[in-house]
Structures are given as C-alpha cells and as structure tokens.
Amino acid sequence: MTKASAMEADAVTKIQMLLEGPQKILEARNTLRQNLQENILKYIAGSHLHAFGFEPPRRVASTPVAIPKAAWSGRCNWDEGKLSYRGMEFIEVRLTTNRIRNEILERGHVDSTPTRAPGRPSVKPDIEAAFHALNKAREIDPTASQMSHYPKVRRWLELHRPDLDVPPAQINSETIRRIISPFFNELKKTKKQ
C-alpha cells in the first residue's frame, strides 16, 4: 500500500498493483490445492489411502461404509466432504491409512448391512475364499447361526480383497447366505458325525 500510494499513477493502476500480491498468493494456493488433490487420488488408486463415509441421511446409529475406489471418478466436493458416483451418495467422507483402516475393520466398526445395487460384478469367488479361509483359521463355528458369520466374511474381504468392485460392507446378507450356505451346511453335517 505504501508503494502504491507513493507512486505517480491513476487510481485503477494503484488498485491493480495492490491486488497483484494477493492474486499471486491465491494462484499459488490453488495450484498447491490441485496438486494435493491429485496426489490424494493417486494414493487412493494405489490402495495407500482408504475412504469411509456415511450414506445420507446420516442418523445417530449410522456407521461408516467403505467407499469403493471407482467412486472417486465421480463428483467430489472436497470442501464439504461429499462424494457422488452413479447414484451413490456419501457424506462426511474421511480418508485413512492402511494401518488405521485395518484396525477399524478388525474392531468391526464398519457397517456390514447395506444392500448391493443390481448389475454389479460377481463376488461369489471372493466370498467362497473368505469362508474357506475363515474355516481354516477355525473362525467358523457350525454350532452358531450362519448369519453370525456374515460380519466375519465382510471383515475378511475388507482385509484381503480391498480392490473389490463392490465394497464388502455393501454386499447383501442374502448374497452371502446363498453362497456360503452349502459349505456351512456341509460343515454342520461333518461336525455331527
């Protein structure tokens, strides 16, 4: 301001001179912000960061759901933490590292009940792999209800199949039941003998 007021020029030139400094700062800030967002998207694509959010409307009992990587090609509102992709809406989106994500999943604090949208790719081989791995680890109890194992299957998928097109939290319980039911029933028969 001192420099602009001391120079011999009209008012418009002085105002332009005053705005040059803040304009350079704003341009640098916008460039930095764009670079940061691009880097975040690269980390998400490389499975170094994972996103969780809520499906609107959020309620007190709502639990966060894992957001699929593909959703980041949708519309993202970085300032408000919102993400929209093919009819799916997520609010209060947060990013986390692999370590923290795995701790959250192991404690079971991620919603495991949302329904699967029609037309998504098959997750049958992955669910079968989850069941067999859990059975090998002695995590399947044939004396318990089959339904009590669904959260275990979802957590296993989150930990071992992070690149699924369908987030494990959004796999329908009926889908899991249909796929693991033959294996579970066979296991029950084997235990009775």
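Strand β4 and strand β5 (residues 88-97) run antiparallel and are joined by three bridges. Strands here, like helices, are DSSP runs numbered from the N terminus, with at least two residues (E) for a strand and at least four (H or I) for a helix; two strands pair if DSSP finds at least two bridges between them. Please note that this is a predicted model, in which local features need pLDDT of at least 70, side-chain atom pairs count only at pLDDT 80 or more, and totals for chains, interfaces and linings use all residues. Residues are numbered from 1 along each chain as its sequence is written, and side-chain values use heavy atoms, leaving out hydrogens and water.

**Strands and turns**

- L83 stands opposite F90 in β5, and L83 is also the bridge partner of C76.
- The hairpin of β4 and β5 has two residues between the strands, and R86 in the turn has a positive phi of about 45°.
- Strand β3 (residues 75-77) is joined to strand β4 (residues 82-85) by three bridges, and the two run antiparallel.
- Four residues lie between β3 and β4 in their hairpin, where G81 takes a positive phi near 70°.

**A pair of helices**

- Helix α3 (residues 98-107) and helix α5 (residues 150-160) have axes that come within 9 Å and cross at roughly 170°; axes are lines fitted to C-alpha atoms over the stretch in contact, with angles from 0 to 180 degrees between N-to-C directions.
- That angle makes α3 roughly antiparallel to α5 (over 145 degrees counts as roughly antiparallel).
- R101, N102, L105 and E106 of α3 meet R155, E158 and L159 of α5, where contact means heavy atoms within 4.5 Å.
- The residues of this contact divide into four charged, one polar and two nonpolar; Asp, Glu, Lys and Arg count as charged, Ala, Val, Leu, Ile, Met, Phe, Trp, Tyr, Cys and Pro as nonpolar, and the others, Gly among them, as polar.

Technical notes. Angles under 35 degrees count as roughly parallel, over 145 as roughly antiparallel, 65 to 115 as roughly perpendicular and the rest as oblique.
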